[in-house]
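Please keep the sequence and the structure in view while reading.

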Amino acid sequence: MSVTPEQLWQTRYGLPPEHTPPAALAALLAHRSVRAYRSAPIAATIVADALAAAQSASTSSNLQAWSVIAVRERERLQRLAALAGDQEHVAQAPLLLVWLADWSRLRRMGASAQQPTDGIDYLEAYTLAVIDATLAAQNAAIALEAQGLGIVYIGGLRNQPEAVAEELALPSDCFAVFGMCVGYPASAGDIKPRLPQSLILHQEQYQVRADEGAQIADYDQRMRAFQSYQGRSDRPWSSIALHRMRDAAALTGRHLLRQALTRLGFRLL
Ligand SMILES: Cc1cc2nc3c(=O)[nH]c(=O)nc-3n(C[C@H](O)[C@H](O)[C@H](O)COP(=O)(O)O)c2cc1C
């Protein structure tokens, strides 16, 4: 029997919902990152469907300032895995989709029409393209999961953006925002708890709750149970989160992102 949205909600928040969530939410609530895959190949039609979902996402001013590269060659996957901080699941994935913030197409259109494209030089344009690529990727993720595939995003591709750009032959004005490993899950996987909605949702204006610390401590407890069930570190989530953002060194090379982006053609004015 399939898992109900109520059960998925309970797993996500540690408490049952106070209402009945619609059945259509089940696939979304069931998301978990998948890092081990069966060797089964992924049909081209599945990729086409995922791309149609991706291209159906909203896109700022319909500019569609993104592209995606499907990587399947094992040696290239291994090189990208190394660049992403030796992530073995990247080397093993049947498919890696690399989502690009891509202004190169509009630059080419401008050059061919002999029209200026100076707007691309602003931080706003970079932000727009990253948002567009991200919305597209998440739509694809939902489409792939609906077809029984598993995914995991790979932000590690930003550790060395220029080497990734070279590996993928990216033109100027093009940046790999993240990768996405895709494959049929080798095991069911576990749903990771999230912070309570009370810490995320504000009404009308931002308000820091008096019980924020207590709620985070409670989430630490739920995450501790999840991690020990998974046989992983029992360090509290809050300590892991603080450690992850403690200083420049913790960013595993990404503290140099601005300089790398400039060399990739983004002026970020
Ligand atoms: C933009 C982005 C980048 C990520 N980068 C990585 C990564 O490089 N390697 C990895 O194993 N997981 C990566 N993840 C997956 C997160 O760790 C995961 O989504 C988070 O721990 C929540 O777990 P869940 O997806 O199973 O619910 C990334 C997720 C996002 C959204």
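In this predicted model, an N or O atom in the side chain of Arg35 is placed 2.7 Å from an oxygen atom of the ligand. A polar side-chain atom of His31 likewise lies 2.7 Å from a ligand oxygen atom, while Gly156 takes part through a polar backbone atom, at 3.2 Å from an oxygen atom of the ligand. Taken on its own, the ligand has 620 Å² of accessible area, and the protein covers 68% of it. The table sets these contacts side by side.

| Residue | Atom of the residue | Distance to a ligand oxygen atom |
|---|---|---|
| His31 | polar side-chain atom | 2.7 Å |
| Arg35 | side-chain N or O atom | 2.7 Å |
| Gly156 | polar backbone atom | 3.2 Å |

Around the ligand there are 13 residues, of which His31, Ser33, Arg35, Gln87 and Lys192 come nearest. Sorted by class, this shell holds six polar, four charged and three nonpolar residues. Strand β3, which runs over residues 150–154, supplies three residues, the largest share of the shell. As for where the ligand is found, the place is the largest pocket.

Definitions and conventions: Residues are numbered from 1 along each chain as its sequence is written. This is a predicted model: local features need pLDDT of at least 70, side-chain atom pairs count only at pLDDT 80 or more; totals for chains, interfaces and linings use all residues. Side-chain values use heavy atoms; hydrogens and water are left out. A residue is near a molecule or strand if one of its heavy atoms lies within 4 Å of it. A polar contact is a pair of N or O atoms within 3.5 Å; within protein, one must be able to donate a hydrogen and the other to accept it, and residues adjacent in sequence count only if both atoms are side-chain atoms. Accessible areas come from the Shrake-Rupley method with a 1.4 Å probe; for residues, only the protein chains shown count as cover. On a 1 Å grid over the protein atoms alone, a cavity is a set of points where a 1.4 Å probe fits but cannot get out, and a pocket is an open set with protein on both sides within 12 Å along at least five of seven lines; lining residues have an atom within 4 Å of a point. A molecule sits in a cavity or pocket if more than half of its atoms lie within 2 Å of its grid points. Helices (H or I, at least four residues) and strands (E, at least two) are DSSP runs, numbered from the N terminus. Ala, Val, Leu, Ile, Met, Phe, Trp, Tyr, Cys and Pro count as nonpolar, Asp, Glu, Lys and Arg as charged, and the others, Gly among them, as polar.
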